[in-house]
Structures are given as C-alpha cells and as structure tokens.
Amino acid sequence: MSERKPYILVVDDDPDILDGILMILESQPYRLGFARDGKQCMESIAKDIPDLLILDLLMPRMDGWGVIREMRSEPRFSRVPIMVLTTVIEDASRRRYELETGMSMDVQDYVQKPTKPVDLLKRVEKLLAKVHV
Amino acid sequence: MSDVSIQPLTILAERLRRSEVFSDLEEEDLVAIAEFCREENHREDDIIMVEDELADTLFIVERGKLALEKKIQIGRHSTPRNATIGYVGPGKIAGFSTLAWPQTYSTSVVCVEPSRLIAVDGQALRQYLDTHPRAGLLVMNHLATLISYRYRQSINTLTYFLSIVSHELRSPLAAIENYLQTMDGGYAGDLNEKQKRMVQRCILRVADLRILIGDVVDLARMRPEQIQTDFEWFDPSEVSAESLEDTRLTAAEKDIHIKIELPSRFEPIVGARRRMRQVITNLVNNAMKFAPAGSQVTLSMRYEPEALIIEVLDEGAGIPPDDLPHIFTDFYRASNVGDAVGLGLGLSIAKKIVDAHEGDILVKNLKDENGDISGTAFTVIIPRDLKTPEMRRREWM
C-alpha cells in the first residue's frame, strides 16, 4: 500500500485557477481529480474518497461552506482533510460558517488565494503526512 | 414638456395630505400650502431638476416614477456620467434640498415614466413653515426621517457594491497571479532569463493591484464607529509579531533587516486588534518601500503612563518637507517615490484606524550629525484608557 499515490480532489469554479493549481500539483506523485462546483464535488467524493480536498468557497450550485457542512455531517467523509483555498478572508469566512451552522468550521488549513506554488506544495505535503500517520 | 392645471384648493390640499411629508398637517395648513402649489404632468425622460442648481421647488409624486441621479466623475479629466441612486414613487417627494440649507438640489431627477407631480414653491413653503412652527416641526420631522433613510440606504448600497466589486475584481487577478506564479516556479516549463524577469515584475504589479483593491474597499468601509465596536483587550507584543509575519517575505526579498524593540512584558491594552496589526504592517511596509537594500527598519513599542507608543524608523531618503503635510491623504504619493509601486493608501488607512482610537500619528525626517536626512520616523500614540463596548455598556447601567 505504501506505493499508492495520494488522491487529491481540487474544487474551483474558475477554470484558470483550477488549471494553475493542477499544474503545480502535477509536479508531485499525486493522483488528481477536479470538480467545478460543490455539487460535482459531492458526487465525485461519493464515488472516490480523496486523501485531501482543496476547496474554493464562492462557487455556483453549492458553495464551499455547503460542502464542508455536508462532509462534516457524513461519517464516511468527516475525516477527509480539507484545505480551503479562496479569496475570502478567513475571519469573515469562519464567522459566516458559524452563523449558518452554529458550529466552528472544521477545516485543516486555510489558504488565501493566490498562493506561492512552493507554499502550496508544502502545505499539501503536511496535510497528507498527517493522514498517513 | 409639462402642462399645468389649476385645481380647487381643497382638492389639492387633500392630495397634499397623501404625501408622506405633509401627512400630519392640519386642514388649514394644507389649504394654505395648496395656494402655492401647482400640478404638473410630465412625460418619460423629462428632467425635473438638475443637481447643484438652486433648489426652488419641492415635488410630490402623485402618479408615476422619478429616478434620482447623481453626477459621477472619476478623475478630473473624464466625462461626468449620471448614475441612478434611487427611485421615488407616489406619495414620496423629490427635491428635499428646497427646505434644507444650502438650497441646491443634491441630485438630478428624471421621469422614468409619465408622471403627475405637485410642484410646491420652495420660497413660499419656507416662509409658511417659518411662521407656522408647529407645521414646520412636523414637516422637518418627516424630512429628517427621509434623509436618514436615504443616508442609510446609500451606505448599504456602497458597502454591498464594494463587496461585489472587490470579489469580482479580485477573482480574475487571483487567476492571473496563480498562472504567473506557476510559470515563475517552472511548473509550466522553463523560462529564459528575460521571461523570468518579466513574469516576476508582473507578479509584483498584479499583487500590488490586488492589495490596492483590498485597500480601497477597506478604506470605504472604515468608519470610526465600526472600528470601535471591535475594541477588545489584546497584547501589543502579539500584534507586533503578527505584523512581522505579514512583512517577513517583502523584507527578505528586499534584503531589509527588521529590528524589533519591545519591553520584556507587555500589559494588555484596549483597541481593535486586527486593525492595529494593519497599522503596524502598513507602517513597516511603507518604511520598506523606500528603504535601500541592506538597510534596517526598526519597530519599537513601549508604554508611557497614558499611552502606547509605536515607532517605525527607516534609513531611507526621507520625505520631502513639502509632502509631509499630505502623506496621510488618500491616494497621495510623495514626489520622490520614483519607481516604488503602489498608490499611497496604506498611510491613510493607518491614520483612519489611529483616529478611531482617538490617537495620533506623527511623522518626521531623521537627521544625521551633518544635518542631512538619514531616514523617516513614524510615531503612533494610542491612549491607554479606551473602553471595550462591554465596558461602555456597563458604565451606562
């Protein structure tokens, strides 16, 4: 099993952001998937549970907060690490989630776009390392 | 074009009563006011009043719809355009400036559909209200309510507009920056020396634009009362550590050493923690912008009996004396900034935050032993007796 490539699902409605992020991640031995909105993301996760979810917040159909809410209430997905990657400021975002759900936002990393590729890769590696421990 | 029809006074008085501004008046007041009113019918696109012109007539809408428009001019040289800021329907008034100093219309008004209006002669109405204080008070009450409503509405519109604009502007920028970073990192293939330099310049300029957009939105949202609701107890040394983290990358890129001078232990102070971080970060960033490579920027914080003193010193070229009085003005750029990128919003944001803390922000050039300018010193003074909203509430109980 140690040969298995970690599977990362990247969710963003902006095709250019998605393209750039995937290009950076392709430099590493990861298996990659993508979705363009929250609904697609949930459909994809139901078929194949990722080792890490990189998630935008402001998206059509179902937004990132909705994805976090659904994932954290479903035992099968509740332990998938989530990295939020967004232009929304962290404070405002956490406040909104708390107001809507009455719970604190259970995500493992919060990165404000844009991010430097080296930073992104380091953070991804760190989150994946935690999963394997 | 309009046609004017004469109505018996009592009918007109009854119609006046249906307008919100005159709804509380006695019959005799309404009949008296009706004497200097006339009814007008207007077609679509008729201009009822023009912004900044003498406000001599108050209009009441009986039927139809008016658009309130404001002239907007961005920069001194662009053509002004009219933007619709609201609509007025039956029962509502247009031209309240007729009753308020300096009696010039605050907006232009255009009919968006065929409309019937009651035009009230402004001078006669003012005279009547002067000599009939009770009626005057009632009308003024309505006017105050109306103006406060329009004020709140415009603030809400502005905030909403800004949050939309900021996201809409930031998203494409984030995508561009993301691609540039991907290219710069070599994840999309190798770049030659020249291409790499250009891509790196693009990254800087785009990042600057992104920060500017954030600043513009911030500046517009930054009202003292809003900042004061965030007052809480915090440890100044923690905030300085966060600011240092904010500025670390730029310092490394520009080869600037940031020296920190703090007392070993800091008592907590009341203030808007996140905003104070912004003040320190902006001052350090500003210092670095003009500091030569290899130089030092010093951040020091200390308590005096009644205030927290924050100082940021740099070893740059100083600020030309003529510019000193203006550097806290929105969008002001000192005359010697040369190639340094960015519009000067950081300092005006810092000043707004410090003002909301009832503090002071001072700037002076430093001189060496020969009397030559050897850098700039910014000093922020924050009083130590500020109160959290909770403390203020308890005082009232």
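Buried area is the accessible area (1.4 Å probe) that two parts lose on being put together, summed over both. This is a predicted model: local features need pLDDT of at least 70, side-chain atom pairs count only at pLDDT 80 or more, and totals for chains, interfaces and linings use all residues. Residues are numbered from 1 along each chain as its sequence is written, chains are lettered from A in the order in which they are written, and side-chain values use heavy atoms, without hydrogens and water.

Q: What area do chain B and chain A bury between them?
A: About 1,600 Å², with 63% of it on carbon and sulfur atoms. In chain B, B:Asn178, B:Tyr179 and B:Tyr187 lose the most area to chain A, together 40% of what that side buries.

Q: How many residues does each chain bring to the contact?
A: Contact means heavy atoms within 4.5 Å. Chain B brings 15 residues and chain A brings 19 residues.

Q: Why is the pair A:Lys116 and B:Glu253 called a salt bridge?
A: The term asks for a side-chain nitrogen of Lys or Arg within 4 Å of a carboxyl oxygen of Asp or Glu. The closest N and O atoms of A:Lys116 and B:Glu253 are 3.2 Å apart, so the pair qualifies. The count between chain B and chain A is 1 salt bridge.

Q: What makes A:Lys113 and A:Asp12 a salt bridge?
A: Their closest N and O atoms are 2.9 Å apart, so the pair meets the cut-off. A:Lys113 lies in the loop between strand E5 (109-112) and helix H5 (117-132) of chain A, and A:Asp12 in the loop between strand E1 (7-11) and helix H1 (15-25), so the pair ties together parts 101 residues apart in sequence. Helices (H or I, at least four residues) and strands (E, at least two) are DSSP runs, numbered from the N terminus.

Q: Why does A:Lys113 count as buried?
A: Buried means under 20% relative accessible area, exposed over 50%, and partly exposed in between (1.4 Å probe, protein chains only). A:Lys113 has 11% relative accessibility, so it counts as buried. A:Asp12, at 2%, counts as buried too.

Q: Are B:Glu51 and B:Lys70 buried or partly exposed?
A: B:Glu51 has a relative accessible area of 10%, so it is buried. B:Lys70 is at 31%, so it counts as partly exposed. The two form a salt bridge, with their closest N and O atoms 3.4 Å apart.
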